[in-house]
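Open the model in your viewer and keep the selection panel at hand.

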Amino acid sequence: MKNTAIIAEPGVPFVEVTREFDAPRELIFRAFTEPELLVQWLGPRRMIMTIDRYDVRDGGSWRYTHRDGDGNEYGFHGVFHGRPSPDWMVQTFEFEGAPGHVSLDSLVLEDLGGRTLARMRSVFQSVEDRDAMVSSGMEQGMNEGYERLDELIARLAVTA
């Protein structure tokens, strides 16, 4: 499965995403938690990502921005909950352009013997919030980001 599967059932305020990667789960976990790797793949290709803080621990906060070619910046922030690990990572997510609309996101990385299945779930405060996120271009951004993650994994495999 190289495709990203995004499921947003009508009437429920959450999105489920699955994506398989051709890399060990520890490497995928590093890509989600190490700022120097995260900036190389998260988000659309046309955006430049800058991380202000990324404190991956229980209660640690994070904030980053994406900047487009015209200089427009889009900020996002949140807080990690629990002890992040490949088995379970939970954080809040808030787009600063829509303050107060916070989702709770979880990530589980399943070991497939050298490959990894990432299972993500975002729970929104309402179906309307969920629908606004889905219609904002979320699918295209996620697909581009995961393609970039595949490219990063390939580069890291060459240097390993």
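Select Tyr64, Phe76, Phe93, Met133 and Met138: of the 42 residues lining the largest pocket, these lie nearest its centre. A pocket here is an open set of points on a 1 Å grid over the protein atoms alone, where a 1.4 Å probe fits, with protein on both sides within 12 Å along at least five of seven lines; lining residues have an atom within 4 Å of a point. This is a predicted model: local features need pLDDT of at least 70, side-chain atom pairs pLDDT 80 or more, while totals for chains, interfaces and linings use all residues. Numbering runs from 1 along each chain as its sequence is written, and side-chain values use heavy atoms, without hydrogens or water.

Stay with the pocket. The lining holds 25 nonpolar, 12 polar and 5 charged residues; Gly counts as polar, Tyr and Cys as nonpolar. Now colour α3 (127-159). α3 gives the largest share of the lining, 11 residues. Helices (H or I, at least four residues) and strands (E, at least two) are DSSP runs, numbered from the N terminus.

Next, show the strands. Eight form an open sheet with antiparallel pairing, in the order β1-β2-β8-β7-β6-β5-β4-β3. Pairing takes at least two DSSP bridges. β1 (5-7) and β3 (48-54) are at the edges with a single partner strand each, so one side of each has no neighbour in the sheet.

Zoom in on β7 and β8, which pair over 8 bridges. Pick Asp105: its bridge partner in β8 is Ser122.

Finish on α3, which packs on the sheet and touches β1, β2, β6 and β8. Contact means heavy atoms within 4.5 Å.

Methods. Axes are lines fitted to C-alpha atoms, for helices over the stretch in contact, and angles run from 0 to 180 degrees between N-to-C directions.
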